[in-house]
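Subject: Structure for you to look at

Hello,

The structure is below, and my notes on it follow. Please read them with the model open.

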There are 2 protein chains.
Amino acid sequence: VTPPTPSGEGIKGQRTRNTIVAHAMEVASIEGLEGLSIGGLATDLEMSKSGLFAHFGSKTDLQMATVTAATAVFVEKVIVPASAEPEGLTRLLGLCLGYLDYSQRRVFPGGCFLFSTTAEMRGRTGPVRDEATDQMNSWLRLLGRNVKVAQSQRELATTVDARGLTFELNAYMTTANWLSVALDDPDAYTSARCAIQRLLAGAGAQPAALRRLEQ
Amino acid sequence: VTPPTPSGEGIKGQRTRNTIVAHAMEVASIEGLEGLSIGGLATDLEMSKSGLFAHFGSKTDLQMATVTAATAVFVEKVIVPASAEPEGLTRLLGLCLGYLDYSQRRVFPGGCFLFSTTAEMRGRTGPVRDEATDQMNSWLRLLGRNVKVAQSQRELATTVDARGLTFELNAYMTTANWLSVALDDPDAYTSARCAIQRLLAGAGAQPAALRRLEQ
(Lines give C-alpha, C1' and ligand atoms only; values in the text may rest on other atoms or scores of the structure.)
Protein backbone atom coordinates (compact mmCIF):
# COMPACT_ATOMS: atom_id res chain seq x y z
CA VAL A 1 0.00 0.00 0.00
CA THR A 2 1.13 3.52 -0.66
CA PRO A 3 0.81 6.05 2.12
CA PRO A 4 -1.82 8.73 1.77
CA THR A 5 -0.42 11.79 0.02
CA PRO A 6 -1.64 15.31 -0.31
CA SER A 7 -3.66 15.93 -3.46
CA GLY A 8 -1.66 16.29 -6.68
CA GLU A 9 -2.58 19.92 -6.91
CA GLY A 10 -1.37 20.56 -3.37
CA ILE A 11 2.00 19.02 -4.13
CA LYS A 12 2.25 20.84 -7.44
CA GLY A 13 1.27 24.11 -5.80
CA GLN A 14 3.93 23.63 -3.14
CA ARG A 15 6.54 22.81 -5.76
CA THR A 16 5.72 25.90 -7.75
CA ARG A 17 5.90 28.01 -4.63
CA ASN A 18 9.30 26.52 -3.78
CA THR A 19 10.56 27.26 -7.30
CA ILE A 20 9.43 30.86 -7.01
CA VAL A 21 11.04 31.35 -3.60
CA ALA A 22 14.30 29.70 -4.67
CA HIS A 23 14.56 32.14 -7.56
CA ALA A 24 13.52 35.06 -5.37
CA MET A 25 16.40 34.27 -2.97
CA GLU A 26 18.91 34.36 -5.86
CA VAL A 27 17.58 37.67 -7.16
CA ALA A 28 17.29 39.32 -3.72
CA SER A 29 20.78 38.18 -2.76
CA ILE A 30 22.19 40.57 -5.38
CA GLU A 31 19.41 43.09 -6.02
CA GLY A 32 18.02 43.28 -2.50
CA LEU A 33 14.49 42.49 -1.33
CA GLU A 34 13.31 45.78 -2.82
CA GLY A 35 14.63 44.54 -6.15
CA LEU A 36 12.03 41.74 -6.12
CA SER A 37 8.89 42.25 -8.14
CA ILE A 38 6.10 39.82 -8.87
CA GLY A 39 6.21 40.91 -12.51
CA GLY A 40 9.97 40.42 -12.77
CA LEU A 41 9.86 36.96 -11.22
CA ALA A 42 6.95 35.96 -13.47
CA THR A 43 9.02 36.94 -16.54
CA ASP A 44 12.14 35.12 -15.29
CA LEU A 45 10.17 31.95 -14.54
CA GLU A 46 7.96 32.17 -17.63
CA MET A 47 4.82 32.21 -15.50
CA SER A 48 1.81 34.48 -15.68
CA LYS A 49 1.72 37.36 -13.24
CA SER A 50 -1.69 36.21 -12.05
CA GLY A 51 -0.30 32.70 -11.49
CA LEU A 52 2.42 34.16 -9.29
CA PHE A 53 -0.14 36.32 -7.50
CA ALA A 54 -2.04 33.15 -6.61
CA HIS A 55 0.97 32.12 -4.50
CA PHE A 56 1.96 35.51 -3.09
CA GLY A 57 -0.79 38.04 -2.69
CA SER A 58 1.56 40.96 -2.10
CA LYS A 59 5.17 42.02 -2.39
CA THR A 60 5.45 41.92 1.40
CA ASP A 61 4.21 38.33 1.43
CA LEU A 62 6.81 37.41 -1.21
CA GLN A 63 9.61 39.22 0.67
CA MET A 64 8.63 37.54 3.92
CA ALA A 65 8.62 34.09 2.31
CA THR A 66 12.05 34.85 0.85
CA VAL A 67 13.54 35.86 4.22
CA THR A 68 12.01 32.78 5.85
CA ALA A 69 13.46 30.48 3.20
CA ALA A 70 16.88 32.16 3.34
CA THR A 71 16.90 31.77 7.12
CA ALA A 72 16.14 28.07 6.69
CA VAL A 73 19.15 27.77 4.37
CA PHE A 74 21.35 29.52 6.94
CA VAL A 75 20.12 27.20 9.71
CA GLU A 76 20.73 24.14 7.51
CA LYS A 77 24.20 25.20 6.34
CA VAL A 78 25.62 26.82 9.48
CA ILE A 79 23.65 26.10 12.65
CA VAL A 80 22.67 22.44 12.18
CA PRO A 81 26.23 21.18 11.47
CA ALA A 82 27.65 23.11 14.43
CA SER A 83 24.90 21.80 16.70
CA ALA A 84 26.39 18.32 16.30
CA GLU A 85 29.53 19.56 18.09
CA PRO A 86 29.86 19.84 21.90
CA GLU A 87 28.54 23.10 23.36
CA GLY A 88 31.09 25.71 24.35
CA LEU A 89 34.34 26.53 22.56
CA THR A 90 34.07 23.65 20.07
CA ARG A 91 30.59 24.63 18.93
CA LEU A 92 31.57 28.31 18.92
CA LEU A 93 34.37 27.53 16.49
CA GLY A 94 32.01 25.38 14.44
CA LEU A 95 29.59 28.31 14.18
CA CYS A 96 32.32 30.77 13.20
CA LEU A 97 33.93 28.47 10.63
CA GLY A 98 30.50 27.48 9.35
CA TYR A 99 29.53 31.13 8.83
CA LEU A 100 32.77 31.97 7.03
CA ASP A 101 32.42 28.89 4.83
CA TYR A 102 28.76 29.68 4.03
CA SER A 103 29.75 33.21 3.03
CA GLN A 104 32.89 32.21 1.12
CA ARG A 105 31.26 29.37 -0.84
CA ARG A 106 28.53 31.83 -1.90
CA VAL A 107 25.62 29.67 -0.83
CA PHE A 108 23.90 32.92 -1.87
CA PRO A 109 25.59 34.83 -4.70
CA GLY A 110 25.63 38.05 -2.65
CA GLY A 111 27.08 36.41 0.48
CA CYS A 112 25.31 36.28 3.84
CA PHE A 113 21.61 36.86 3.11
CA LEU A 114 20.64 38.17 6.54
CA PHE A 115 23.56 40.60 6.60
CA SER A 116 22.57 42.07 3.24
CA THR A 117 18.90 42.19 4.14
CA THR A 118 19.37 43.90 7.49
CA ALA A 119 21.75 46.40 5.87
CA GLU A 120 19.23 47.07 3.09
CA MET A 121 16.35 47.52 5.55
CA ARG A 122 18.21 50.07 7.70
CA GLY A 123 15.96 52.89 8.75
CA ARG A 124 12.78 51.12 7.65
CA THR A 125 9.98 49.58 9.66
CA GLY A 126 7.68 46.68 8.97
CA PRO A 127 7.35 42.92 9.30
CA VAL A 128 10.11 42.03 6.80
CA ARG A 129 12.69 44.16 8.55
CA ASP A 130 11.54 42.81 11.94
CA GLU A 131 11.91 39.22 10.75
CA ALA A 132 15.42 39.78 9.36
CA THR A 133 16.66 41.60 12.45
CA ASP A 134 15.09 39.02 14.79
CA GLN A 135 16.89 36.23 12.96
CA MET A 136 20.19 38.12 13.06
CA ASN A 137 19.77 38.82 16.78
CA SER A 138 18.98 35.15 17.37
CA TRP A 139 22.28 34.25 15.68
CA LEU A 140 24.18 36.75 17.86
CA ARG A 141 22.56 35.29 21.00
CA LEU A 142 23.59 31.81 19.90
CA LEU A 143 27.21 32.96 19.62
CA GLY A 144 26.98 34.69 23.00
CA ARG A 145 25.53 31.61 24.68
CA ASN A 146 28.40 29.45 23.48
CA VAL A 147 30.94 32.03 24.68
CA LYS A 148 29.39 31.80 28.16
CA VAL A 149 29.30 28.00 28.12
CA ALA A 150 32.96 28.00 27.04
CA GLN A 151 33.72 30.20 30.06
CA SER A 152 31.74 27.99 32.44
CA GLN A 153 33.71 24.99 31.09
CA ARG A 154 36.98 26.92 31.59
CA GLU A 155 37.75 26.76 27.86
CA LEU A 156 37.86 30.58 27.87
CA ALA A 157 38.92 32.80 30.76
CA THR A 158 36.03 33.86 32.97
CA THR A 159 37.60 37.32 33.34
CA VAL A 160 36.89 38.09 29.68
CA ASP A 161 33.81 40.21 28.89
CA ALA A 162 31.51 37.75 27.09
CA ARG A 163 29.47 40.47 25.35
CA GLY A 164 32.61 42.17 24.09
CA LEU A 165 34.03 38.90 22.81
CA THR A 166 30.78 38.15 20.98
CA PHE A 167 30.81 41.64 19.41
CA GLU A 168 34.35 41.05 18.19
CA LEU A 169 33.70 37.57 16.76
CA ASN A 170 30.63 38.83 14.93
CA ALA A 171 32.56 41.85 13.67
CA TYR A 172 35.24 39.64 12.11
CA MET A 173 32.71 37.37 10.44
CA THR A 174 30.38 39.98 8.98
CA THR A 175 33.29 42.18 7.94
CA ALA A 176 34.92 39.28 6.08
CA ASN A 177 31.61 38.75 4.30
CA TRP A 178 31.32 42.45 3.41
CA LEU A 179 34.97 42.86 2.36
CA SER A 180 34.67 39.85 0.08
CA VAL A 181 31.28 40.50 -1.53
CA ALA A 182 31.44 44.29 -1.63
CA LEU A 183 35.16 45.07 -2.02
CA ASP A 184 36.39 41.82 -3.65
CA ASP A 185 39.08 41.49 -0.95
CA PRO A 186 40.75 38.14 -1.67
CA ASP A 187 42.18 37.90 1.87
CA ALA A 188 38.99 38.65 3.79
CA TYR A 189 38.30 35.16 5.10
CA THR A 190 41.92 34.49 6.01
CA SER A 191 42.02 37.81 7.87
CA ALA A 192 38.90 36.82 9.81
CA ARG A 193 40.24 33.39 10.75
CA CYS A 194 43.54 34.92 11.95
CA ALA A 195 41.67 37.56 13.96
CA ILE A 196 39.44 34.93 15.59
CA GLN A 197 42.50 32.89 16.47
CA ARG A 198 44.30 35.88 18.04
CA LEU A 199 41.16 36.88 19.93
CA LEU A 200 40.41 33.45 21.38
CA ALA A 201 44.08 32.74 22.17
CA GLY A 202 44.15 36.07 24.05
CA ALA A 203 40.99 34.96 25.87
CA GLY A 204 42.77 31.89 27.18
CA ALA A 205 41.83 29.17 24.68
CA GLN A 206 44.30 26.31 24.33
CA PRO A 207 46.30 26.54 21.07
CA ALA A 208 45.36 22.97 20.16
CA ALA A 209 41.67 23.85 20.30
CA LEU A 210 42.23 26.66 17.80
CA ARG A 211 44.14 24.67 15.22
CA ARG A 212 40.99 24.29 13.12
CA LEU A 213 41.20 28.00 12.31
CA GLU A 214 44.45 27.44 10.45
CA GLN A 215 42.68 25.33 7.84
CA VAL B 1 36.32 96.54 -8.14
CA THR B 2 34.48 93.28 -7.71
CA PRO B 3 36.14 90.14 -8.95
CA PRO B 4 34.76 88.52 -12.05
CA THR B 5 32.04 86.02 -11.16
CA PRO B 6 30.40 83.25 -13.10
CA SER B 7 27.20 84.33 -14.83
CA GLY B 8 24.08 84.48 -12.65
CA GLU B 9 22.72 81.45 -14.39
CA GLY B 10 25.92 79.52 -13.68
CA ILE B 11 25.65 80.23 -9.97
CA LYS B 12 21.94 79.47 -9.92
CA GLY B 13 22.52 76.27 -11.87
CA GLN B 14 25.20 75.18 -9.41
CA ARG B 15 22.92 75.95 -6.47
CA THR B 16 20.10 73.92 -7.95
CA ARG B 17 22.47 71.05 -8.62
CA ASN B 18 23.68 71.19 -5.00
CA THR B 19 20.09 71.14 -3.73
CA ILE B 20 19.31 68.10 -5.84
CA VAL B 21 22.43 66.22 -4.71
CA ALA B 22 21.85 67.08 -1.04
CA HIS B 23 18.36 65.61 -1.25
CA ALA B 24 19.61 62.61 -3.25
CA MET B 25 22.11 61.82 -0.44
CA GLU B 26 19.31 61.81 2.15
CA VAL B 27 17.11 59.55 0.05
CA ALA B 28 19.90 57.16 -0.96
CA SER B 29 21.13 56.92 2.62
CA ILE B 30 17.91 55.05 3.49
CA GLU B 31 16.57 53.74 0.19
CA GLY B 32 19.92 52.99 -1.47
CA LEU B 33 21.29 54.40 -4.71
CA GLU B 34 18.92 52.15 -6.66
CA GLY B 35 16.08 53.85 -4.79
CA LEU B 36 16.95 57.16 -6.48
CA SER B 37 14.89 58.18 -9.47
CA ILE B 38 14.94 61.43 -11.39
CA GLY B 39 11.13 61.43 -11.33
CA GLY B 40 10.99 60.84 -7.57
CA LEU B 41 13.50 63.60 -6.82
CA ALA B 42 11.65 66.01 -9.14
CA THR B 43 8.43 65.38 -7.20
CA ASP B 44 10.13 65.77 -3.81
CA LEU B 45 11.80 69.02 -4.86
CA GLU B 46 8.80 70.36 -6.80
CA MET B 47 10.86 70.63 -9.97
CA SER B 48 10.04 69.48 -13.47
CA LYS B 49 11.51 66.17 -14.56
CA SER B 50 13.02 67.89 -17.60
CA GLY B 51 14.57 70.52 -15.32
CA LEU B 52 16.22 67.77 -13.31
CA PHE B 53 17.33 66.03 -16.50
CA ALA B 54 19.12 69.23 -17.49
CA HIS B 55 21.41 68.70 -14.48
CA PHE B 56 21.75 64.92 -14.60
CA GLY B 57 21.41 63.31 -17.97
CA SER B 58 21.12 59.78 -16.59
CA LYS B 59 20.50 57.84 -13.42
CA THR B 60 24.15 56.77 -13.42
CA ASP B 61 25.24 60.42 -13.59
CA LEU B 62 22.96 61.24 -10.65
CA GLN B 63 24.20 58.25 -8.63
CA MET B 64 27.81 59.15 -9.34
CA ALA B 65 27.28 62.77 -8.26
CA THR B 66 25.63 61.47 -5.07
CA VAL B 67 28.54 59.17 -4.20
CA THR B 68 31.02 61.96 -4.91
CA ALA B 69 29.14 64.40 -2.68
CA ALA B 70 28.76 61.83 0.11
CA THR B 71 32.49 61.12 -0.05
CA ALA B 72 33.17 64.84 0.30
CA VAL B 73 31.00 64.90 3.45
CA PHE B 74 32.93 61.93 4.85
CA VAL B 75 36.26 63.62 4.12
CA GLU B 76 35.06 66.84 5.75
CA LYS B 77 33.60 65.21 8.86
CA VAL B 78 36.11 62.42 9.51
CA ILE B 79 39.36 62.77 7.59
CA VAL B 80 40.01 66.52 7.71
CA PRO B 81 39.67 66.84 11.52
CA ALA B 82 41.92 63.82 12.11
CA SER B 83 44.49 65.18 9.66
CA ALA B 84 45.13 68.02 12.11
CA GLU B 85 46.46 65.46 14.62
CA PRO B 86 49.99 64.03 14.55
CA GLU B 87 50.44 61.04 12.27
CA GLY B 88 50.60 57.63 13.88
CA LEU B 89 48.61 56.43 16.90
CA THR B 90 47.10 59.84 17.64
CA ARG B 91 45.75 60.28 14.13
CA LEU B 92 44.66 56.65 14.02
CA LEU B 93 42.53 57.22 17.13
CA GLY B 94 41.22 60.45 15.63
CA LEU B 95 40.13 58.58 12.51
CA CYS B 96 38.46 55.80 14.51
CA LEU B 97 36.66 58.16 16.89
CA GLY B 98 35.75 60.43 13.99
CA TYR B 99 34.20 57.53 12.08
CA LEU B 100 32.20 56.32 15.08
CA ASP B 101 31.00 59.85 15.78
CA TYR B 102 30.05 60.43 12.13
CA SER B 103 28.05 57.20 12.15
CA GLN B 104 26.48 57.72 15.59
CA ARG B 105 25.45 61.35 14.97
CA ARG B 106 23.76 60.21 11.76
CA VAL B 107 25.42 62.74 9.51
CA PHE B 108 23.50 60.55 7.03
CA PRO B 109 20.21 59.12 8.32
CA GLY B 110 21.21 55.59 7.28
CA GLY B 111 24.67 55.76 8.90
CA CYS B 112 27.94 55.45 6.98
CA PHE B 113 27.13 56.20 3.33
CA LEU B 114 30.03 54.32 1.76
CA PHE B 115 29.34 51.24 3.88
CA SER B 116 25.70 51.14 2.76
CA THR B 117 26.56 51.85 -0.84
CA THR B 118 29.26 49.21 -1.13
CA ALA B 119 26.95 46.68 0.55
CA GLU B 120 24.13 47.58 -1.83
CA MET B 121 26.37 47.33 -4.90
CA ARG B 122 27.67 43.84 -4.01
CA GLY B 123 27.85 41.62 -7.04
CA ARG B 124 27.35 44.48 -9.50
CA THR B 125 29.75 46.14 -11.89
CA GLY B 126 29.97 49.65 -13.21
CA PRO B 127 31.39 53.09 -12.49
CA VAL B 128 29.23 53.80 -9.42
CA ARG B 129 30.26 50.62 -7.69
CA ASP B 130 33.90 51.22 -8.66
CA GLU B 131 33.82 54.72 -7.21
CA ALA B 132 32.29 53.60 -3.91
CA THR B 133 34.70 50.68 -3.47
CA ASP B 134 37.71 52.84 -4.43
CA GLN B 135 36.76 55.38 -1.77
CA MET B 136 36.27 52.68 0.84
CA ASN B 137 39.63 51.11 -0.05
CA SER B 138 41.26 54.53 0.18
CA TRP B 139 39.89 54.85 3.73
CA LEU B 140 41.21 51.40 4.65
CA ARG B 141 44.66 52.30 3.29
CA LEU B 142 44.63 55.51 5.34
CA LEU B 143 44.00 53.48 8.50
CA GLY B 144 46.71 51.01 7.53
CA ARG B 145 49.24 53.75 6.87
CA ASN B 146 48.71 55.23 10.33
CA VAL B 147 49.06 51.80 11.92
CA LYS B 148 52.45 51.48 10.24
CA VAL B 149 53.55 54.98 11.23
CA ALA B 150 52.49 54.21 14.82
CA GLN B 151 54.72 51.14 14.67
CA SER B 152 57.65 53.06 13.23
CA GLN B 153 57.23 55.59 16.06
CA ARG B 154 57.12 52.73 18.61
CA GLU B 155 53.59 53.71 19.67
CA LEU B 156 52.47 50.21 18.69
CA ALA B 157 54.58 47.04 18.87
CA THR B 158 56.41 46.29 15.64
CA THR B 159 55.73 42.58 16.13
CA VAL B 160 52.02 43.10 15.52
CA ASP B 161 50.66 42.30 12.04
CA ALA B 162 49.69 45.72 10.67
CA ARG B 163 47.26 44.34 8.10
CA GLY B 164 45.53 42.22 10.72
CA LEU B 165 45.25 45.15 13.10
CA THR B 166 43.75 47.30 10.34
CA PHE B 167 41.22 44.55 9.50
CA GLU B 168 40.19 44.41 13.16
CA LEU B 169 39.86 48.18 13.63
CA ASN B 170 37.77 48.45 10.48
CA ALA B 171 35.66 45.47 11.58
CA TYR B 172 34.79 47.14 14.89
CA MET B 173 33.88 50.45 13.24
CA THR B 174 31.73 49.15 10.39
CA THR B 175 30.07 46.57 12.63
CA ALA B 176 29.13 49.27 15.15
CA ASN B 177 27.61 51.24 12.27
CA TRP B 178 25.69 48.19 11.02
CA LEU B 179 24.53 47.03 14.48
CA SER B 180 23.23 50.53 15.20
CA VAL B 181 21.53 51.38 11.91
CA ALA B 182 20.33 47.90 11.00
CA LEU B 183 19.69 46.21 14.36
CA ASP B 184 19.07 49.27 16.60
CA ASP B 185 21.72 48.02 19.04
CA PRO B 186 22.01 50.81 21.65
CA ASP B 187 25.45 49.59 22.80
CA ALA B 188 27.08 49.29 19.39
CA TYR B 189 29.38 52.32 19.62
CA THR B 190 30.41 51.62 23.21
CA SER B 191 31.21 48.04 22.22
CA ALA B 192 33.38 49.29 19.36
CA ARG B 193 35.29 51.77 21.54
CA CYS B 194 35.94 49.08 24.16
CA ALA B 195 37.10 46.64 21.48
CA ILE B 196 39.45 49.24 19.95
CA GLN B 197 40.87 49.95 23.39
CA ARG B 198 41.47 46.25 24.13
CA LEU B 199 43.01 45.71 20.71
CA LEU B 200 45.42 48.65 20.85
CA ALA B 201 46.35 48.01 24.49
CA GLY B 202 47.16 44.43 23.48
CA ALA B 203 49.27 45.83 20.63
CA GLY B 204 51.39 47.77 23.08
CA ALA B 205 49.80 51.23 23.14
CA GLN B 206 50.30 53.21 26.34
CA PRO B 207 47.10 53.33 28.45
CA ALA B 208 47.28 57.12 28.62
CA ALA B 209 47.18 57.37 24.84
CA LEU B 210 43.96 55.33 24.77
CA ARG B 211 42.06 57.33 27.37
CA ARG B 212 40.19 59.20 24.63
CA LEU B 213 38.32 55.99 23.85
CA GLU B 214 36.68 56.04 27.27
CA GLN B 215 34.84 59.29 26.50
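B:Val21 touches B:Phe56, B:Ala65, B:Thr66 and B:Ala69, leaving out residues up to four places away in sequence; contact here means heavy atoms within 4.5 Å. B:Val21 sits in helix α1 of chain B, where helices (H or I, at least four residues) and strands (E, at least two) are DSSP runs numbered from the N terminus. B:Val21 counts as buried because its relative accessibility is 9%. The classes are buried for under 20% relative accessible area, exposed for over 50% and partly exposed in between, with a 1.4 Å probe and protein chains only. The C-alpha atoms of B:Val21 and B:Leu93 are separated by 31 Å, and the two residues are 72 places apart along the chain.

Some conventions apply to everything here: this is a predicted model, in which local features need pLDDT of at least 70 and side-chain atom pairs count only at pLDDT 80 or more, while totals for chains, interfaces and linings use all residues. Residues are numbered from 1 along each chain as its sequence is written, chains are lettered from A and ligands numbered from 1 in the order in which they are written, and side-chain values use heavy atoms, with hydrogens and water left out.

Next, the interface. In it, 42 residues of chain B are in contact with 42 residues of chain A. The two chains bury about 3,300 Å² between them, and 54% of that is on carbon and sulfur atoms. Buried area is the accessible area (1.4 Å probe) that two parts lose on being put together, summed over both. B:Arg122, B:Phe167 and B:Trp178 supply 24% of the area that chain B buries against chain A, more than any other three residues.

Across the interface there are 24 residue pairs in polar contact, both residues at pLDDT 80 or more. A polar contact is a pair of N or O atoms within 3.5 Å; within protein, one must be able to donate a hydrogen and the other to accept it, and residues adjacent in sequence count only if both atoms are side-chain atoms. On chain B, the helices α1 (8–31), α6 (113–120), α7 (127–152), α8 (162–183) and α9 (188–202) each supply at least two residues of the side that touches chain A. The largest share of that side, 15 residues, comes from α8(B). By class, the side of chain B that touches chain A has 18 nonpolar, 13 polar and 11 charged residues. Ala, Val, Leu, Ile, Met, Phe, Trp, Tyr, Cys and Pro count as nonpolar, Asp, Glu, Lys and Arg as charged, and the others, Gly among them, as polar.

Salt bridges come next. A salt bridge is a side-chain nitrogen of Lys or Arg within 4 Å of a carboxyl oxygen of Asp or Glu.

- B:Arg198 and A:Glu168 meet through their side chains at 3.1 Å, N to O.
- B:Glu31 and A:Arg124 meet at 3.4 Å, N to O. B:Glu31 lies in helix α1 of chain B and A:Arg124 in the loop between α6 and α7 of chain A, so the pair joins two chains. B:Glu31 is partly exposed at 41%, whereas A:Arg124 is buried at 15%.
- A:Arg129 and B:Asp184 meet at 3.1 Å, N to O. A:Arg129 is in helix α7 of chain A and B:Asp184 in the loop between α8 and α9 of chain B, so this pair joins two chains. A:Arg129 is buried, at 9% relative accessibility.

A:Gly123 is found in the loop between α6 and α7 (127–152) of chain A. A:Gly123 counts as exposed, at 56% relative accessibility. Apart from neighbours within four places in sequence, A:Gly123 is in contact with A:Arg129, B:Ile30 and B:Val181.

Lastly, some helices. Helix α6 of chain A (residues 113–120) is largely enclosed by the rest of the structure, because eight of its eight residues are buried. Helix α5 of chain B (residues 89–104) is mostly covered, with 13 of its 16 residues buried. Just after α5(B), B:Arg106 takes a positive phi of about 55°.

Regards
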